[in-house]
Amino acid sequence: MNWKRKDLLGIEELTQGEIIHILDASVSFKEILKRPIKKVPTLRGKTIVNFFFEPSTRTRISFELAEKRLSADTVNFSTDGSSVQKNETLLDTALNVEAMKIDAAVVRHSGAGVPHMLAKKLSVPVINAGDGAHEHPTQALLDMFTIREMKGRLENLKVAIIGDVRFSRVARSNIWGLTKMGAKVHIVAPPTFIPPYLENLNIKICHSLDDVIKDMDVLMALRIQTERHLPSPLRRQSGSGASETMLRQAGLPRLAEDGEAGKSSFFPSAREYRRFFGITMDRLKKAKKDVLAMHPGPINRGVEMDPEVADSKHSVILEQVTNGVAVRMAVLYVLLGPHTKDFGVGARRQE
Amino acid sequence: MTITANSDIFPQMAAKMLMEEEELTHSWKEIAKRIVEADPSNLAIIGIRCRGDILAERLAKEIKKISGLDVPLGFLDINLYRDDFTSVGPEPLVRETKIDFDITGKNVILVDDVLFTGRTIRAALDALIDFGRPASIRLAVLINRDGRELPIQPDYSVRKMAVGKGEIVEVKLKELDGKEGIMIVKTR
């Protein structure tokens, strides 16, 4: 099949064929990461700007590496130290940078729909690196790639997505992708973390990890998205109202204080969360012998997942990270590769 | 060179059969013999996907048969090094490159089915240099046809020929196409 989209904004709108297309291409790109010289000249001369309005370690470095391995030039933009601090709008930021003749924009923002808005306004391909709690398509693609690589298939696998589904873009993209690929998705979370309307999709919802763990092929733990939780009405965040508004205008999330999960009212404490939903070595004993333990990162060790589990043979967390570079290379190739110049997207050539 | 199989879509366009299975198989075995006679030391064979890889595998088998040597075998996908997308078609399928050995110091035999413009081989040379520093690279092809756009020539070829305007050479191999033979096909 031929990729016809200008942008990669989400998994919801992709067909199974398009997902398979990227997963298959990722296999070839993964091989490049094993070579002594980890470079191919495919995107030589292309310039890609990484617009990260939210913090990121993995995704940002992963995209930057993917771009560099394809010989593209990369520019990193982050809100700190930029004119966003002088109240320049999001759209102006993007249009100004586009005027410098770039070839693609990778965008992460706390506002859902931001990449979609930019995709309409910019003439270059836009890749969503995470928009609020909405979607994180490259994460879901690398998760599916990892599962497919370890298990040989996605169809009919039982995948448990555990934890803060309500505020998680990783969960949403994975739910879309895994259901499209025929996997059986089980959401395991306390009721406070279940978003509405999930019953419209063909997935199972459970509130007890112990009930389902023995049947699962994959355990996908999610980070508790403290920065997206509303503050508990019983507590006030410190700082003046004015600075909070400026933070929001700049697209920066409000960080929970001390990083402690108990500041919001979604669950009583991190300890209790771990007791019921944490992946521990004891729980793993009840699971299948070849069950996979996954986490998109960063892990709250001892909350969503115990350190021993993260470092165990069930864990494919580091594989996920390695695969992330390969999958992002495949996405960049499909959107920006030299074949797109002569054909435009979707044109068929007669020869 | 990889081209859409016109003769499969439009059978009436197949102009003529150039080489049948028996001659193809036999001539390719002769190439293996010539390679071993020239210099069997430090050989490595690398085939260019697709079809070059099948031919490379056949060479490796034949060399083992006639000389007992176990020659390392690798496969190269050059789509990420191409500069000539117009002659291939919309988004080429990127296949896996598999070179599990160190090519530094080896006498590499690069294998493809048809040598035409030379751009595929140019891309393959660029790719190989990223893998190491071979002692030498020699090129073995089935058909050496006219139409070169770069100064590249084969060291071993089964047949050299000129092809008419609007015609292409199509190679079919059992492992990939289910049948075997070389044909000249009109593209218009």
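Biologist: Which domains does the assignment give for chain A?

Modeller: Domain bounds come from an automatic or database domain assignment. For chain A that assignment gives domain 1 (16-135 + 321-343) and domain 2 (137-228 + 240-315). This is a predicted model, in which local features need pLDDT of at least 70 and side-chain atom pairs count only at pLDDT 80 or more, while totals for chains, interfaces and linings use all residues. Residues are numbered from 1 along each chain as its sequence is written, and chains are lettered from A and ligands numbered from 1 in the order in which they are written.

Biologist: How many residues does each domain of chain A give to the contact?

Modeller: Two residues are in contact if their C-beta atoms, placed from the backbone, lie within 7 Å. Domain 1 of chain A contributes 30 residues and domain 2 of chain A contributes 24 residues. The C-alpha centres of these two domains lie 25 Å apart. On the side of domain 1 that touches domain 2, the elements giving two or more residues are α1 (16-32), β4 (126-131) and α12 of chain A; helices (H or I, at least four residues) and strands (E, at least two) are DSSP runs, numbered from the N terminus.

Biologist: How is the packing of two helices described?

Modeller: Two packed helices are described by the angle between their axes and the distance between the axes. Axes are lines fitted to C-alpha atoms, for helices over the stretch in contact, and angles run from 0 to 180 degrees between N-to-C directions. In chain A, the axes of helix α5 (residues 137-151) and helix α12 (residues 317-336) come within 8 Å and cross at roughly 120 degrees. Among the contacting residues are A:L141 and A:F145 of α5(A), and A:V327 and A:V331 of α12(A).

Biologist: Is A:V159 buried or exposed?

Modeller: A residue is buried if 20 or more other C-beta atoms lie within 10 Å of its own, exposed if 12 or fewer, and partly exposed in between, with C-beta atoms placed from the backbone. A:V159 is buried, because 27 other C-beta atoms lie within 10 Å. This residue belongs to strand β5 (residues 158-162) of chain A. Leaving aside residues up to four places away in sequence, A:V159 touches several residues, including A:L178, A:V185 and A:M220. The C-alpha atoms of A:V159 and A:L178 are separated by 8.3 Å, although the two are 19 residues apart along the chain.

Biologist: Where is A:N156 found?

Modeller: A:N156 is in the loop between α5 and β5 of chain A. Its phi is near 65 degrees, a positive value in a residue other than glycine. A:N156 counts as exposed, because it has 10 C-beta neighbours inside 10 Å.

Biologist: Which residues of helix α4 in chain B are buried?

Modeller: In helix α4 (residues 119-129) of chain B, they are B:T120, B:I121, B:A123, B:A124, B:A127 and B:L128. Seen down the axis of α4(B), these residues fall within an arc of 155 degrees, so they line one face of the helix; the arc is that of the directions from the helix axis to the C-beta atoms. Their cover includes β2 (43-48), β3 (73-76), β4 (107-115) and β5 (136-145) of chain B.

Biologist: Which residues of chain B does a cis peptide bond join?

Modeller: Such a bond joins B:R49 and B:C50, with omega about -5 degrees. B:C50 is found in the loop between β2 and α3 (52-67) of chain B.
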